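I opened a notebook for this structure. The entries below follow the order in which I looked things up.

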Amino acid sequence: MELDVTGAFIYFTIPVFGGIPITQTTVSSFLVTVFLIVASIRLGKNLKKRPDGIQVLVEKGVSMLYNMVGESMGEHNLHWAPFIGTIFLSSILGSYIGLTGFLRSSTADLSCVMVWALSVSIIIWYNNIKANGFLGWLKGFTEPIAVMTPMNIIGEIAQPVSMAFRHFGNVAGGGVITSILYVALSGASSALLNLVASNGYAVGAVLLVAGIALLIWNHQKKHKKRFLILGGACAVIGFFGLLQAAGILSGVPVLAFGIPAVLSCYFDLFSGFVQAYVFTLLTMVYIGNSCPAPENKEAAQ
């Protein structure tokens, strides 16, 4: 497996068109696509007039999607709902697939979200050209005055770039922060356990006994939680310190238990959902602006 220093691992390269690299992002995106196709076919079969079970949830989700598109883009743009739903599900599943531990989040690769953002821009340009003609679309870059042309062009370029970098930056940044914290805590854990085990079994045994005593005393006296935390910490460090001194389970990152997992829940679960929603919302706003209602078109003319 070859490592690409600019991003994801490259598993192998297809020797056509100068070489097509198959990266972690390619595999993750392909699996998300296959999952969505299979799920769509499976959930679309054997529909009942009186829904029950999973069909109720699916119909509720579809209704929410169409209501959101109708409110954000107008009832005349409801035909965009499947595209909007695909963007949202691809984004959120592309982020969550990284939770497997052996697959990489496709949204943590700039190339993936940049393709989505460029697709949205191409749709916007197509709609503008369809509504105003090619010359009318080009004329829009010179309004309100000719000197605004460079700024308008920069704005058209900045739109997909900002959409892509916002999504990519939050997902990739969260993964980097979690990884750095895990490495730091693992190093601190190794240093602490080595210090405890440096004097043989004595320090570890004292910490273990003191921790157990604090836990028993706290349970009997029903004191504050700080004694519970202190006793638990002493017992755990003493226990693993003894294992470190004995050469058993050497190098266990005790201090890394829990904290990276909590951050992962935020960055991978909550932030992944938020970024998918924000990207989808911006997509609806931009496409909706390029597809105004028929009465608005007549008023503008």
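**Entry 1: the largest pocket**

I sorted the residues that line the largest pocket and got 19 nonpolar, 5 polar and no charged. I note at once that the model is a predicted one.

Next I looked up the volume. The largest pocket holds about 850 Å³ of space. I then listed its lining, which comes to 24 residues. Nearest the centre of this pocket lie Gly61, Val62, Leu65, Gly85 and Leu89.

Which helices supply at least two residues each of this lining? I found helix H1 (24-43), helix H2 (54-73), H3 and H8. H2 has the largest share of the lining, with 9 residues.

**Entry 2: the second largest pocket**

I moved on to the second largest pocket, where I read a volume of about 460 Å³. I found 18 residues in its lining. Gly98, Arg104, Ser105, Gly175 and Ser179 are the ones that lie nearest its centre. Two elements give two or more residues to this lining, namely helix H5 (149-197) and H8. H5 gives the most, with 7 residues.

I sorted this lining as well. The residues of the second largest pocket divide into 7 nonpolar, 9 polar and 2 charged. For the largest pocket I had written down no charged residues.

**Entry 3: a cavity**

How many cavities of 30 Å³ or more does a search of the whole structure find? I got 1. The volume of the largest cavity is about 30 Å³.

I wrote down the residues that line this cavity: Met163, Arg166, His167, Gln275, Val278, Phe279 and Leu282. H8 gives the most, with 4 residues. By kind, the lining of the cavity splits into 4 nonpolar, 2 polar and 1 charged.

Gln275 sits in helix H8. Is Gln275 buried or exposed? The relative accessibility of Gln275 is 8%, so I put Gln275 down as buried. I then set aside the neighbours within four places in sequence and checked what Gln275 touches. Gln275 is in contact with Arg166, His167 and Asn170.

**Entry 4: aromatic pairs**

I searched for aromatic pairs and counted 4 in the structure. I took Trp80 and Phe83 from the search. Their ring centres are 6.0 Å apart and their planes stand at 70 degrees, so I logged the pair as edge-to-face. The cut-off for that class is over 60 degrees.

I checked how far each of the two is covered. Trp80 has a relative accessible area of 16%, so Trp80 is buried. Phe83 has 24%, so Phe83 is partly exposed.

Then I looked up Phe88 and Phe273. They form an edge-to-face pair, with 5.9 Å from centre to centre and 90 degrees between the planes. Which parts of the chain does this pair link? Phe88 belongs to helix H3 (residues 81-96) and Phe273 to helix H8 (residues 259-290). The two are 185 residues apart, and the pair links distant parts of the chain.

Phe88 is at 21%, so I count Phe88 as partly exposed. Phe273 is partly exposed as well, with a relative accessible area of 40%.

**Entry 5: cysteines**

How many disulfides are there? My count came to 0. Cys112 has a relative accessible area of 10%, so Cys112 is buried. Cys291 is at 12% relative accessibility, and I count Cys291 as buried.

**Entry 6: a positive phi**

I ended with the backbone. Most residues other than glycine have a negative phi. Asn46 has a positive one, near 55 degrees. Where is Asn46 found? I located Asn46 in the loop between H1 and H2. Is Asn46 buried or exposed? Its relative accessible area is 68%, so Asn46 is exposed.

Notes
Residues are numbered from 1 along each chain as its sequence is written. This is a predicted model: local features need pLDDT of at least 70, side-chain atom pairs count only at pLDDT 80 or more; totals for chains, interfaces and linings use all residues. Side-chain values use heavy atoms; hydrogens and water are left out. Rings of Phe, Tyr and Trp (its six-membered ring) pair if their centres lie within 6.5 Å; planes under 30 degrees apart count as stacked, over 60 as edge-to-face and the rest as tilted. Buried means under 20% relative accessible area, exposed over 50%, partly exposed in between (1.4 Å probe, protein chains only). On a 1 Å grid over the protein atoms alone, a cavity is a set of points where a 1.4 Å probe fits but cannot get out, and a pocket is an open set with protein on both sides within 12 Å along at least five of seven lines; lining residues have an atom within 4 Å of a point. Grid points are joined across faces, edges and corners, and a volume is the space filled by probe spheres set on the points. Ala, Val, Leu, Ile, Met, Phe, Trp, Tyr, Cys and Pro count as nonpolar, Asp, Glu, Lys and Arg as charged, and the others, Gly among them, as polar. A disulfide is a pair of cysteine sulfur atoms within 2.5 Å. Contact means heavy atoms within 4.5 Å.
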